[in-house]
Amino acid sequence: MENESLRDVLVRLESSVKQLKGISRDAKIEEVGDGNLNFVYRVTWQAAGEQCSVIVKHAPTYIKCLGPEFKLTQSRLRVEYNAMCCFHSAAPGLGPQPYHFDEESSTLVMEDLKSFDVMRTQIIAGNVSMKAVCAVARLAATVHRRFHKNSTDSSEWQKLCDEFTNADMVDITRQYLFVRPYDAADPTNKSPSATENLAKEMRSNEAVQRNVAALRRKFLEERECLLHGDLHSGSVMVDGDEARIIDAEFACVGPAAFELGMYMVQFCVAWLSHQHADSPTRPSGTYDKTAVQKVLEECLCNVWQTYTAEFFGGSQAAGTNTAVAQLWHDSIGFGACEATRRVIGAAPIPELSSDKSLLAVLQLCFKVLSSLDEIKNAEQLVAIVKSLG
């Protein structure tokens, strides 16, 4: 959206959205964020002697990172707004406060988290707050438990399922996590030379293909609870020990393991990226790779423990019953699918900037997806990650 068009929208909304009070055509508009789907702007202005700001998100009619030929429904921001409202009701402070969604312009106005930074950026720099990391796991579990098929009556559950069908975004997930990365001819895939042979092996390996197909079916068919739908380190903002979850346009009803696995694998990927970085961009004298990696190992274990304690109400210990064992099994499988698409799919990430890191992450994915039934706990997964260092 052009800045002048955005100004027209915000000036039009000024009388009905109190957080836009006093905005004028002199407001400063700055594009922020590096999302794959939408444009995000910080809008600032002076009103009654005070500095005001909001974040404004606009959904174009296409996938931003792929271009206008890749069409996509603009209704994704309506879904995001509704999800933000649900999250805010279940866990106030989980994300930025939603202010208004304007259907006419496909524009979402929300709180500006001015002092926060993207968790991914902080992890790349070697700054990891365990409290913030675990807060996200706890908040996700709170939402999953509150909006779970077993904790809502039938009419509320049906309404939730209808409201968050989100068919177009679910189909994007289906394609880009479970289908396209395993098709060598797909034009949206990346083809790093360092991973070419292993990618070919993954695409032909019977166990990998069987497990990916099973996980794809589970994602599409298991309607368990309300999900954020895209919970990775780029969808979390942090300020010291505080964390906020953003970018909920993929919100849908699905298996809790999908969300948990996508989040947990971030710390495996980060460990390997620190191990194999070509030229770490960290201040001289302040970066201790071994210490950072130790914290990342603890993050993986603590996220699992924090999530399961909150999700199961503290009544079940990880690994002691069928439900928790199945959650672990599916979570690490979904996580491997998420990491695979970051290496050979259409959504690369900045921490995987070296051939060695790309190969190591894909080796991890191959190991998990080819021997999914054999990895029983977080400690075993950490050992596999460290073996690739």
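Q: What is a nonpolar core here?
A: The term denotes a set of buried Ala, Val, Leu, Ile, Met, Phe, Trp, Tyr and Cys residues joined through side-chain atoms within 4.5 Å. The model under discussion is a predicted one.

Q: Which residues of the largest nonpolar core touch the most other members?
A: That core has 97 residues, and those touching the most other members are Phe164, Phe178, Tyr263, Leu364, Leu369 and Leu381. Helix H9, residues 256–276, is the element that gives the most to this core, contributing 14 residues.

Q: And is there a second core; what does it include?
A: A separate core of 18 residues exists, including Leu6, Ala47, Cys52 and Val54.

Q: Back to Phe178: what is it in contact with, leaving aside neighbours within four places in sequence?
A: With those neighbours set aside, Phe178 is in contact with Thr173, Val212, Leu215, Arg216, Phe219, Phe258, Phe334 and Cys337.

Q: How many residues of H9 are buried?
A: Of its 21 residues, 20 are buried, so H9 is largely enclosed by the rest of the structure.

Q: What span does H9 reach from its first C-alpha to its last?
A: The span of H9 is 31 Å, close to the 30 Å expected at 1.5 Å a residue.

Q: Turning to voids, how many cavities of 30 Å³ or more does the structure hold?
A: There are seven cavities of that kind. The largest cavity has a volume of about 100 Å³. It is lined by 13 residues, of which Val265, Cys268, Ile332, Ala336 and Leu381 are the closest to its centre.

Q: Which helices each supply at least two residues of that lining?
A: They are H9, helix H11 (322–344) and helix H12 (355–370).

Q: New topic: in what order do the three strands of the open sheet run?
A: The order is S8-S10-S11, with antiparallel pairing. S8 and S11 stand at the edges and have a single partner strand each, so one side of each is left without a neighbour in the sheet.

Q: How many bridges join the paired strands?
A: Strand S8 (residues 117–118) and strand S10 (residues 236–239) pair over two bridges, while S10 and strand S11 (residues 242–245) pair over four.

Q: Which residues are the bridge partners of Val118 and Met237?
A: Val118 has Met237 as its partner in S10. In S11, the partner of Met237 is Arg244.

Q: What phi does Gly240 take in the hairpin of S10 and S11?
A: Gly240 takes a positive phi near 65 degrees, in a hairpin with two residues between the strands.

Q: Is Asn166 buried or exposed? And how does Asp247 count?
A: Asn166 is buried, at a relative accessible area of 8%. Asp247, with 23% relative accessibility, counts as partly exposed, because buried requires under 20% and exposed over 50%.

Notes. Residues numbered from 1 in each chain as written. Predicted model: local features only at pLDDT ≥ 70, side-chain atom pairs only at ≥ 80, totals over all residues. Heavy atoms only, no water. Buried < 20%, exposed > 50% of the residue type's maximum accessible area, 1.4 Å probe, protein only. Contact = heavy atoms within 4.5 Å. Expected span 1.5 Å × (residues − 1). Pairing = 2+ DSSP bridges. 1 Å grid on protein atoms, 1.4 Å probe; cavity = no way out; pocket = protein on both sides within 12 Å on 5 of 7 lines; lining within 4 Å. Points joined across faces, edges and corners; volume = space filled by probe spheres on them.
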